Amino acid sequence: MLEIKPIFHALCRSKVGAILLLIQIAITTAIVSNAAFIIQDRVAFLNQETGYPEQDLFMFNVMTFGKDIDLSQQFELDEAMLRALPGVVNAAQSSSIPLSGSGSASSFNLKPAPQESKSIRSSYIFIDEHGLDTYGVKLIAGRNFTEDEVTITNSPTERTTNVTVVTQALLDELFPEGDGLGKTIYFGDLPLTIIGVADHMKSPWLKDSHPNNVALIPYIQGKTYAQFAVRTKHGQRAAVMKQIETAMLNNYNKRVINNINGLDQLKDEYVAADKLMMRMLIVLITILVLVTALGIFGLTLFNISKRTKQIGTRRALGARKSAIINYFLVENAMICCVGLLLGIIAALLLGQLLMQHFSIAALPPSYIAGTAIMVFVMSLLAVFGPAKRAANISPSIATRTI
Amino acid sequence: MLKMNNISKLYQTEMVQTHALRDFNLHVDEGEFIAVTGPSGSGKTTFLNIAGMLEPFSSGEYLLDGIDVGKLNDNQRADCRNQKIGFIFQGFNLIPDLNLYENIEVPLRYRGIKASERKRRIEQCLEQVGLASRAKHLPQQLSGGQQQRVAIARALAGEPRFLLADEPTGNLDSLMARQVMELLEQINRDGATIIMVTHDPELARRAPRNIQVVDGQLADFTLYQGAQNLKNVAGA
Amino acid sequence: MLLHYLDLSWRSFKRTPLVSMLMVLAIAIGIGVTMTSLSVYHMMSADPIPEKSSQLYAVQLQTMDEGHTWWTEDNLPMQLTYQDAVNLQNAPVPEKKVAMMRTGFSVYLDSDKVKPFTSNARMTTPNFFNMFNVSFIYGGEWSEQQEQSAAPVVVISKELNDKLFAGNNSIGQLIYLDDYSYEVVGVIADWSLNLKYYDLNNGAFNEPEELFLPFSLVKTKELTSWGNSNGWKHENINSYADRMQSEIVWIQFWAQLDNAEQKANYENYLNSYIQEQKKRGRFAREKPEYKLRDVNQWMQYNNVVSEDNKILVGLSFMFLAVCLANILGLLLAKFLRRAPEVGVRRALGASKRQVFLQHLVEVAMLGCFGGLVGIVLAQLGLWAVRQSYDYYSSIATMDITMLLSAPVIAITTCIVAGLYPAWLVCRTNPAIYLKSQ
């Protein structure tokens, strides 16, 4: 037995409390639906598949100040030493490090520069034939480089490299017809034949416009500042990381070994701001929902204390306890519905505003719907306690004078 | 019709036990109009609350219309109040957020009566108490006497067998009190049984039967009436 | 009178402790959340060098051919080419200007006491220290002549001096950077810089560099940038000399322009510079384009305040609005229940205004408590931010402005919330309550 009409009339005659609740519900709905969407967006970003066994990979920097060696030959020795370390699966010098936020990118063209042609942005990594295995990425078509195809040099002008392995994403973008394997692309005016296709792997920048485009180029240049990637057997990374500095310095000591970091750590650093945003939003909406629930709870308690006599009278006139509980639930549901209606409009407006001023996609209606249901249930739960208390008011209150 | 046998009501706090009612016995027949008087704190209101099923009693037996009230659960008591009893309160107890029409409607809704039937009864009752033109008004827009008439209309709307009135004229001036009293007498003539608690002896005298509650027990009302008669003789 | 009102407020607080605590809690949570995001915003957007932020200008030149675009809002590259930087550095105007870039060295001493390590370095001209208000503990900047001759000299940070020389005066000492020795000519004082505004390329909240060396060493030592290098067209770069002549942008350039006249002069100069370069086949655009942005404009242009933070600040204020509605509801409940008492007061001669003021004072007191608790919550929030994101450790803090604004915002919010309930209660008709009691 729902008394919608008289409850509505009663509400209309004591508006302020209802309006306050309504505002809270509306703003809460607007904030929560938009924040939930941003959170979901960040969660998807943070949990995306990178293509790497992040827990088994680590990287380090080598800064060489000694001038008495052939750098590129030294790096060959270092690589051999690293590959022989117990617990290491494979290792390679790598000109950029994936997921780290620092690396190189260029446009890759169908014709040599400076001729105008189709041009696709992609990150690239100078690495030898161990690169794919080191990064734990599968070759899905074609072949890997051979040792002979790798240029090892100290001179920036040596241009004997002529092959590349690219990711499926880059290949598809360059050759949408699917006939890219074996074709030639140009890195500036340097022709590179695509001999192999790598499985999914992310570029150094997860937020790049083309985060899935990576080209591996068999070219090793001896530079004073170099980076190495090492893949270890599962669970042995920490042990290998601990001995890496000593091992490298034993090989040659006029250099600094630093930034020894797991790939997951590098990724964590790169995405830290997004993680922070996600956490802050989660905290924000949790507290917000609690505050709103508390507001509904408090206002209902107040309403009940104001209406003690009325409730007693209703009980005396034959209201069952359930009728009293229903009364408050219906009253709240009505306020809530109007609040949600406003909230949905506010959520859409806020979504529009965010989309206009920031790089945030349009708010999907499902988020608003989900939030509205959640807020509705939350408000009913918040009312239920006080309503049950109201139902326990003795009908004999009605005969008390004050 | 209404039978109370050895009803006791005990209020217990940590320190003391208070007997609000002690071995209270009362029989009321159909169609009676009874005035209950007694000094304040004597247990009048407790008696009324128990009679109206607003409060449980500690021991004894209470039969209303043949129903053993002590054996009813909370919902059954609520339904029983709704169907058999009409209440008139000293403070009127109209619901301030609802207009007159809606106020009278409250008990009818709890009984689950159809909207058209509700409308017929409410209009009839408002007519009876002379406030038909004010159906849309809020209680605070009316005088005390008018409010009490609305409260009576509300009590009548359910067509109860019993009317329980708690100091119905307590908050009214004498003119309005007389009007309300006349209304009650009319209702009694129409067939309802009325139990009215009052501290006003003049009002009590207008009721055909008077009982007095003293220290939670029924005082000898015949003696009391005898004394009244004597006084009347002396006065005449 | 105020004291009396405060006393009444305190009594009222104690009379309904639960409701009062709830209100304080509601304000405190609202303030805590708002101040957490606002503090980060404030520190991000705070002027890092207020005394001369309007005199320091980052210089941008449009070197790209017609039709090429950059990712900046006005399509201008953020940095300069090496040749433009050198040309502008050698220009007659203005008096103070600085070309610079970030690189790094492995650092060691001629002893085994310190294990070699790498350090960030800034290659810059001597005006750097004066222009960006950097002060010295020992020594000073290198001379103009040392700059011209690419002398092996270095200015080091206090931190590095502590590490290498135990904090002693190290002027004249030699340190090794990549296999060459450099003489220490200066040690700078701690530079508590929240924002690395002079080079925003690789994160605005990184620490300043620890080594400062003559810019002319870039050429002689063939140093590579540890910051961003960007090109916009294909160039065959086979040697370091090619790179220095290329259109790759990788040098930051700042000019100090003390007044509008100097700025106008410099703009004239840049115009004529572009015209002159045009004759040599560069700057192939119809209209010469350049831009001078002062420190605050530069920070805005570089979006130092992250999008996320702006969203958070916006949402926090909406959150505060919810708390405000919450408080308003509780205040209504509290004040209206007190209406009989107010009736007595009014009957005893209190004016409407007095009743109104009394209630506003009470509300302001709640706001003050809420603000104080809010500061504690905000500190907790900022601590959590710092824990969660190391990089924000210098900006996730409250400065004195924020500490003072917390109670101000709290009290203002509360008074806004309290206006209606206070007005309602001061309208109380004394007669109603006196009669029914």
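Biologist: How many residues of chain C are in contact with chain A?

Modeller: Two residues are in contact if their C-beta atoms, placed from the backbone, lie within 7 Å. Here 34 residues of chain C are in contact with 41 residues of chain A. This is a predicted model, where local features need pLDDT of at least 70, side-chain atom pairs count only at pLDDT 80 or more, and totals for chains, interfaces and linings use all residues. Residues are numbered from 1 along each chain as its sequence is written, with chains lettered from A and ligands numbered from 1 in the order in which they are written.

Biologist: Which element gives the largest share of the side of chain C that touches chain A?

Modeller: Helices (H or I, at least four residues) and strands (E, at least two) are DSSP runs, numbered from the N terminus. On this side of chain C, α11(C) provides the largest share, 17 residues.

Biologist: Now the sheet in chain B. What is its strand order?

Modeller: Strands of a sheet pair through backbone hydrogen bonds, either parallel or antiparallel. Two strands count as paired if DSSP finds at least two bridges between them. This open sheet of six strands runs β6-β7-β8-β3-β9-β10 (chain B), with mixed pairing. β6 (85-88) and β10 (217-218) of chain B each have a single partner strand, so one side of each is left without a neighbour in the sheet.

Biologist: Which pairs are parallel or antiparallel?

Modeller: β6(B) and β7 (residues 162-166) of chain B are parallel over four bridges, with B:Gly86 opposite B:Leu163. β9(B) and β10(B) run antiparallel, joined by two bridges. They form a hairpin with two residues between them, and B:Asp215 in the turn has a positive phi of about 50 degrees.
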